[in-house]
There are 2 protein chains.
Amino acid sequence: MNATPLSSTDRTRLGRVNERGLTDRSNLYEMLDGGLVCHLGVVVDGSPRVIPTGYGRDGDTLYIHGSTGARSLIAGQSQEVCVTVTHLDGLVLARSLFHHSMNYRSAIIFGVPRLVTDPDEKLAGLRAVTEQLAPGQWDVARLPTRKELAGTAVLALSLEEASVKIRTGPPSDEDEDYALDIWAGVVPVRQVFDAPVSDPRLRPGIPVPSHVTDRPTPARAAK
Amino acid sequence: MNATPLSSTDRTRLGRVNERGLTDRSNLYEMLDGGLVCHLGVVVDGSPRVIPTGYGRDGDTLYIHGSTGARSLIAGQSQEVCVTVTHLDGLVLARSLFHHSMNYRSAIIFGVPRLVTDPDEKLAGLRAVTEQLAPGQWDVARLPTRKELAGTAVLALSLEEASVKIRTGPPSDEDEDYALDIWAGVVPVRQVFDAPVSDPRLRPGIPVPSHVTDRPTPARAAK
């Protein structure tokens, strides 16, 4: 467990949710490592664009794969981006509409991404992205050709400026509302994997590998 | 089914994923109505910020609730924002690392949001946001007081400029790779609700209401 506190700049103290902010780097790692999709924000011609894409982490570097939304990724070079990873953990149903909320964990990272050009780091970055998507695949699937590598953009983003936010637990109603005859509680939400579906074009006799069948379903937030 | 085509501007044709673009407004509605969290992108001091938050739809207007990330929402007034809703439907494991991908549905909306000031529309917007989170709650929970309403910002965003993108189906490998002795297929991913957890402070004798217990789990993409 790495106890280095997260950098807290003005903009990572996000207004009203500040009380939900934590400053524990291990929380950041856990949120990132447990996710599958990030939302990458870039500015293009002064306007924001938010694009879902895959990612992976290696130490204090986040790698983002350039195949989806490539144009926006390229536009993001040498300018700042924002990467947000969100886990929805529950719907918070309060006695009052005003206090309805969600239980969630989110990580927000700011930084100027670096286009990875070193071949070894590019492979390491792609490995991180692949293993995030499907742990174990890097060692069994066909490695990229030189041409495929050239056609793939990998961006590296430092985790130096990041913040994490968590909301857990039951609703927080107004004192007088606890006497109301209204149900309140949390509907837990989680992401699950279903049984793998083999490619219809799969050659006969190839079983689903154990690293795919035995993969644990994504974890819920710690209680 | 509303067949109005989505507006397609240059920036909603997002580079390499253009072939995945659809122009059917009913697809847009379905993606938005089936989601729980959107990622709101705004520009602050020239830098992007991406914030997860709740939303709701009423016709061709998306309503965004201002309690989370309020400062960024306010900064977003009279300037353009980008709202993205993403459903992750599957992990696409190909024979080659290069063709690993995800099955997903996403909606991206651009526009200048309008701060809702009309009291009736504000209630309608909050109703849309609440019913998106938990259908049926608007009719049972305590309505907002005047003070609570005043403390809540609601933004309205037209769905005029939007695009939807879908990837479904098995991996698309290189022709020669189909002969490889490597498993390929899709690991389906979906979001599920677990059994509701009553607030520890709930008054005795209040059952979980049927609109909560009987809520269907979020839908998977159509095959």
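## Polar contacts and salt bridges

Across the interface of chain A and chain B, 33 residue pairs are in polar contact, both residues being at pLDDT 80 or more. A polar contact is a pair of N or O atoms within 3.5 Å; within protein, one must be able to donate a hydrogen and the other to accept it, and residues adjacent in sequence count only if both atoms are side-chain atoms. The structure is a predicted model, in which local features need pLDDT of at least 70, side-chain atom pairs count only at pLDDT 80 or more, and totals for chains, interfaces and linings use all residues. Residues are numbered from 1 along each chain as its sequence is written, chains are lettered from A in the order in which they are written, and side-chain values use heavy atoms, without hydrogens and water.

The interface also holds six salt bridges (a side-chain nitrogen of Lys or Arg within 4 Å of a carboxyl oxygen of Asp or Glu). One of them joins B:R190 to A:D194, with the closest N and O atoms 2.6 Å apart.

## Extent of the interface

In chain A, 97 residues are in contact (heavy atoms within 4.5 Å) with 97 residues of chain B. About 8200 Å² is buried between the two chains, and carbon and sulfur atoms give 63% of this area. Buried area is the accessible area (1.4 Å probe) that two parts lose on being put together, summed over both.

## Strands across the interface

Strand β11(A) is joined by two bridges to strand β12 (residues 197-198) of chain B, and the two run antiparallel. Strands are DSSP runs (E, at least two residues), numbered from the N terminus, and two strands pair if DSSP finds at least two bridges between them. The bridge partner of A:V186 in β12(B) is B:V197.

Note on methods
Helix = DSSP H or I, 4+ residues; strand = E, 2+ residues; numbered from the N terminus.
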